[in-house]
Protein chains: 2
Amino acid sequence: MDPASILDGSARSFFVLAHRARTDGDFSLNDLCGAAGRLDGILRCINASLFLSHGMRRDTSVHALLMGDPDPPKVLSICGSEVRYLNPDERSTAALVKRALSIHLPMDPGACVVSTPGIYVTRGDLAYVLGKLQGRIYLLDEGGLDIWKLASDGILSETGANSHFFLSDDRDYTSAERISLEGASLCKFSVSPLTLHADHAISVTHNFLDRSSID
Amino acid sequence: MDPASILDGSARSFFVLAHRARTDGDFSLNDLCGAAGRLDGILRCINASLFLSHGMRRDTSVHALLMGDPDPPKVLSICGSEVRYLNPDERSTAALVKRALSIHLPMDPGACVVSTPGIYVTRGDLAYVLGKLQGRIYLLDEGGLDIWKLASDGILSETGANSHFFLSDDRDYTSAERISLEGASLCKFSVSPLTLHADHAISVTHNFLDRSSID
């Protein structure tokens with residue numbers, strides 16, 4: 001498997017920085033908020049990225065940059081074009097993630113394993129991921145330009161290149177992450193006058209893209 | 001407790017028709033999709049209705065019209081202005097719902113019990129609920145007017161009266177529900193060119209209202 005084709009292979013993709021999400025499968029499905037390092041929020045981002053009513057967004061992928069103990073960094077990727085057995089509830093999605101994170105992953109950067117269809121785990125950190133992306137990179141940030149304006153000005157166009165949207169979990173970007181992301185991104189965008197959970201921000205981002213794509 | 005003040009007491013409220021969600025507390029937190037009658041989707045609607053990043057939407061309430069076995073109809077209400085102990089993950093929210101539905105509720109229409117702070121269960125069906133609402137009623141429907149147009153035309157204004165948004169779970173409205181709701185509602189609205197899960201539609205609806213309220 002070529003990690004570049006997984007990370008950069010969808011027309012639309014969401015990258016969520018999961019600052020303390022656990023990086024092995026040794027967690028209980030009954031304690032996703034605590035021992036699994038707030039994996040619950042990442043599961044909701046997976047749901048918001050991929051699900052339509054009675055269907056899946058086949059043009060979309062979602063990637064969680066897992067930085068928690070005991071084996072960081074890893075990137076968990078779920079590709080809408082291939083994924084199977086994914087249901088919208090947190091617990092069953094957590095079971096798929098647990099299975100994927102239980103597979104042995106070599107220490108080499110770029111080492112990659114497939115779990116169930118469409119679910120991959122790659123050895124890599126933010127710098128590794130950014131180095132693999134050829135498409136346009138957008139950074140969700142409260143101080144960014146309103147997505148409404150970006151969409152109406154055509155800056156959010158999905159023609160010609162893939163679009164990659166970076167978000168943080170319930171913690172803010174670190175200074176180092178911010179420097180890397182601001183250097184790599186086309187622009188910073190915001191979705192609301194209020195501060196939203198990452199999964200709600202993904203739903204709103206999808207909505208503006210869905211509207212733009214039919215205009 | 002006066003059910004009218006619970007059902008009609010928030011500036012913004014979401015009413016979700018939960019066609020087969022269980023109406024007692026006799027379900028396992030490990031099987032929210034099956035034995036609990038797709039309660040998982042209702043839990044996600046509660047999350048999307050009430051949570052902000054590091055905060056709660058205190059002007060919002062969410063109500064699930066529960067129609068599943070063994071004791072329908074019941075309305076589960078969670079009021080953002082009062083609720084405590086609510087966390088964003090599905091499992092802990094399910095535990096609060098299970099506790100609320102385990103309390104004995106008399107058979108009289110309008111009988112009401114409080115569980116943990118801000119969580120109420122009322123005996124009543126759709127007709128009962130509609131009879132208690134004084135504010136503006138909006139019906140989410142794929143064939144409805146685009147919420148973008150409603151917001152820009154001022155039809156979605158939140159001044160002067162409370163706003164109530166009705167949505168269905170993963171099943172479509174029944175013919176009887178549709179007749180009642182169309183008769184009571186100011187208009188039908190849609191949020192996307194695609195068909196979304198109810199919780200994603202709530203996130204998008206909030207976003208348009210949040211934008212309108214700061215213009």
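In this predicted model, B:Arg211 pairs with A:Asp146 in a salt bridge whose closest N and O atoms lie 2.8 Å apart. This pair crosses between chains, running from helix H7 (residues 198-214) of chain B to strand S8 (residues 136-146) of chain A. B:Arg211 is buried, with a relative accessible area of 7%, whereas A:Asp146 is partly exposed at 28% relative accessibility. A:Arg211 in turn forms a salt bridge with B:Asp146, again with 2.8 Å between the closest N and O atoms. The count between chain A and chain B is two salt bridges, and 19 residue pairs are in polar contact across the interface.

Turning to the interface as a whole, 36 residues from chain A and 36 residues from chain B take part in the contact. About 3,200 Å² is buried between the chains, with carbon and sulfur atoms giving 58% of this area. On the chain A side, A:Trp148, A:His200 and A:Arg211 lose the most area to chain B, together 19% of what that side buries.

Within chain A, a salt bridge links A:Glu90 and A:Arg44, with the closest N and O atoms 3.0 Å apart. A:Glu90 belongs to helix H3 and A:Arg44 to helix H2, so the pair ties together parts that are 46 residues apart in sequence. Both A:Glu90 and A:Arg44 are buried. A further salt bridge joins A:Asp71 to A:Arg123, at 3.1 Å between the closest N and O atoms. Here A:Asp71 is partly exposed at 21% relative accessibility, while A:Arg123 is buried at 3%. Over all chains, the count comes to 30 salt bridges.

Terms used:
Residues numbered from 1 in each chain as written. Chains lettered and ligands numbered in written order. Predicted model: local features only at pLDDT ≥ 70, side-chain atom pairs only at ≥ 80, totals over all residues. Heavy atoms only, no water. Contact = heavy atoms within 4.5 Å. Buried area = accessible area lost by both parts, 1.4 Å probe. Salt bridge = Lys/Arg side-chain N within 4 Å of Asp/Glu carboxyl O. Polar contact = N/O pair within 3.5 Å; in protein donor to acceptor, adjacent residues only side chain to side chain. Helix = DSSP H or I, 4+ residues; strand = E, 2+ residues; numbered from the N terminus. Buried < 20%, exposed > 50% of the residue type's maximum accessible area, 1.4 Å probe, protein only.
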